Amino acid sequence: MVGEGILKGLAETARNFFGSYVSKDRLTTVQYPEQREPQIEATRDFPFLVYDGADWQQGMRCVACQICEKECPPKCIFIEKSKDKKPDAFGKMQIYPATFNIDISVCMSCQICVEVCPFDAIKMDVEYHQSSDDRFGALLLNKQRLSKSNEYYNAIHPTEASAVDAQRAEELAKLEAKAKAAAEVKAAAEAKAAADANPALNASPQQPAGDPQ
Amino acid sequence: MTHLALMTQHLDQIFVLTSHWLLSYLPIALQPLCSAILSVAAIIIAFATLFALTTLLERKGLGRMQNRYGPNRVGPCGLFQPLADGVKSLTKEDIVPIRADRAVHFMAPVLLVAASFMGYAVLPIGRNMVMVDMNAGVLFFFAIGSLMELAVFMAGWSSRSKYSLLGAMRAIAQMISYEVPLVLASVVVLMQAGSLSTVAIVNMQATYSGIWPHWFVFTPWGFAGFALFMIAATAESNRSPFDLPEGESEIIAGYYTEYSGFKFALFFLGEYIGMFATSGMAITLFLGGWSAPFSFLTWIPSYFWFFAKLLTIISVFIWIRGTLPRLRMDQLMNLAWQFMLPMTLLNLLTTGIWHFMLPGFLRWIVCSTMVIVPCILLGSGLKYKKKFQIRTYHFSQ
Ligand code: SF4
Ligand code: SF4
């Protein structure tokens, strides 16, 4: 029949029209500033720098290796190395970034910086309320504004963050074990050297080793 | 009882009486001029308000049809949204393309709005509420309506933009094609009423047998004429599904691509005012103008009925817009020339037969058949003719 499709369409829109007043589940719109949808875990927008512990300057994981700076496709990361060194999370002395800027008006949220960082120092943030009336200054994030704690990272990306934490703990344990082993070896070597140098005291250091317990 | 009747009569004529009372304080020489100014002001205020209301209704209605809320931020339930829109369009920058023809570019929206308002001069909004009772009112209305085409083409031509020009060409092609069925569909009423005066046409329909009014839409030819008129009116006012001249997804916004700020708003206003005017004409010709739908409801003021009918038609327009997708250019033309034109011509014949047959059951049957059967045949014939085939693109291979 001619016009049947049109009538069907009209009925459908009429149903939508009245239905939206009757049943609330039809209206899927979220009334934004008052209501927020929970974000899914894989949400990402701009990168931030992770630090451990309470002090963002002491705990900063970044060692200013500048890999991310080189890899960033639109070149929106700017890093200046420090002259001095500070101990990193594993106790090793490392340089750190004296300046670390990301221009988020240029950043395209590709996450490449995160992928290439060997130190788990840079991760993707979920904060999207970035609008401001200052076009340049407010969108150029400096080191301080970029730094967020590991707890924050755990809160926004729990799965990913706990995996990173576990890996780092493992590495730390390995390092500690290695350090202990090295220390033992060193201690044993020292003891041996001492024993060699002084054969009269031969029995005493061997006593614990020879103790049949 | 007479007291009550007098009161309702006064309520019905309240605007007319107020105007007379105001004018009576003026010297005789000034009265015609001031009377004209007063009516113009009243029409502009009333229909501009209706325009504001309609934009809100449309956005809300379309939203609901798509299961959204629509505007709900400005004022209670978003009621002041039109105000916010107005302020926004007033404060926006007015950009004129550097190579545009400035004078014509400026004139186009002004002419469009002026032309669309001029049609109201002959629309009887209520009993005794018509600006000029011209004896060629309907003719005047359509003549003024075709001025809008000129404005549209001025806009498209002066912008010096390919989108504007394409949009204008489409608009002209469409408006001229649909002008023919629009006028032919209204001719049936003129045949029956024997007058070109809008006031006389409404007066003819404002009589009752029993409780039923003598609206022309309640006859087979009237109904067909009304349907054809409304389809053509939709196309005339460039509304969906005939909104090719604007076609946001194809040619940005058609002939007003290069307009911004308040000039854009003027185009918007002109288009809506034009739509109200053609709807008002449809009401005048077919739906009995300001007359009440039942004889026992005549105590309600006449202008109320006019606006109630207008709002109903506007709602249907919005409903259609929320439902139908846009036609293609060839579909549009086919509809105009292969369906609308034969149907309107046939409808003329039907009206003639109706006029010369004796009133009774038989003429109902004959005329209804004459409307329904060709409609179905023509419709399914056109549908049947459509062949589905693999398209070959000559230039891409
Ligand atoms: S997310 Fe991509 S664009 Fe943004 S800073 Fe990282 S590498 Fe650069
Ligand atoms: S964030 Fe990672 S990759 Fe970039 S400089 Fe710091 S440690 Fe290197």
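The conversation below covers the model's basis, its cores, helices, sheet, ligands and a few single residues.

Q: What kind of model is this, and which pLDDT do local features need?
A: This is a predicted model in which local features need pLDDT of at least 70, side-chain atom pairs count only at pLDDT 80 or more, and totals for chains, interfaces and linings use all residues. Residues are numbered from 1 along each chain as its sequence is written, chains are lettered from A and ligands numbered from 1 in the order in which they are written, and side-chain values use heavy atoms, with hydrogens and water left out.

Q: Which residues touch the most other members of the largest nonpolar core?
A: They are B:Phe47, B:Tyr120, B:Phe229, B:Phe276 and B:Phe286, in a core of 71 residues. A nonpolar core is a set of buried Ala, Val, Leu, Ile, Met, Phe, Trp, Tyr and Cys residues joined through side-chain atoms within 4.5 Å. Buried means under 20% relative accessible area, exposed means over 50%, and partly exposed lies in between, using a 1.4 Å probe and protein chains only.

Q: Which helix gives the largest share of this core?
A: Helix H12 of chain B, residues 261–285, contributes 11 residues, the largest share. Helices (H or I, at least four residues) and strands (E, at least two) are DSSP runs, numbered from the N terminus.

Q: How many residues of H12(B) are buried?
A: In H12(B), 22 of the 25 residues are buried, and the helix is mostly covered.

Q: What span should H12(B) have?
A: At 1.5 Å a residue, its 25 residues should span 36 Å, and the end C-alpha atoms are 37 Å apart, which agrees. The expected span is 1.5 Å times one less than the number of residues.

Q: And what about helix H3 of chain B?
A: Helix H3(B), residues 31–65, has 35 residues that should span 51 Å at 1.5 Å a residue; its end C-alpha atoms are 49 Å apart, which agrees. Just after H3(B), B:Asn67 takes a positive phi of about 60 degrees.

Q: Back to B:Phe47: what does it touch?
A: Leaving aside residues up to four places away in sequence, B:Phe47 touches B:Phe117, B:Tyr120, B:Ile125, B:Ile273, B:Phe276, B:Phe306, B:Phe307 and B:Leu310. Contact means heavy atoms within 4.5 Å.

Q: Changing topic, in what order do the strands of the open sheet in chain A lie?
A: The 3 strands lie in the order S2-S3-S5, with antiparallel pairing. Two strands pair if DSSP finds at least two bridges between them. The edge strands, S2 (77–87) and S5 (140–141) of chain A, each pair on one side only.

Q: How many bridges join S2(A) to S3(A)?
A: There are 8 bridges between S2(A) and S3(A), which covers residues 93–103. Within S3(A), A:Ile95 is the bridge partner of A:Lys85, and A:Asn101 is that of A:Phe78.

Q: What lies between those two strands?
A: S2(A) and S3(A) form a hairpin with 5 residues between them, and A:Gly91 in the turn has a positive phi of about 90 degrees.

Q: How is S3(A) joined to S5(A)?
A: They run antiparallel and are joined by 2 bridges; A:Asp103 stands opposite A:Leu140 in S5(A).

Q: What about the ligands: which residues come nearest to ligand 1?
A: Of the 13 residues around ligand 1, A:Cys72, A:Cys107, A:Cys110, A:Gln111 and A:Cys113 come nearest. A residue is near a molecule if one of its heavy atoms lies within 4 Å of it.

Q: How does the shell around ligand 2 divide by class?
A: The shell around ligand 2 has 10 nonpolar, 1 polar and no charged residues. Ala, Val, Leu, Ile, Met, Phe, Trp, Tyr, Cys and Pro count as nonpolar, Asp, Glu, Lys and Arg as charged, and the others, Gly among them, as polar. Residues surrounding ligand 2 include A:Cys62, A:Gln66 and A:Phe119.

Q: Finally, is B:Thr234 buried or exposed?
A: At 7% relative accessibility, B:Thr234 counts as buried; this residue is found in helix H10 of chain B, residues 220–236.

Q: And A:Ala54, buried or exposed?
A: A:Ala54 is exposed, with a relative accessible area of 78%. Its place is in the loop between strand S1 (47–51) and helix H2 (67–71) of chain A.
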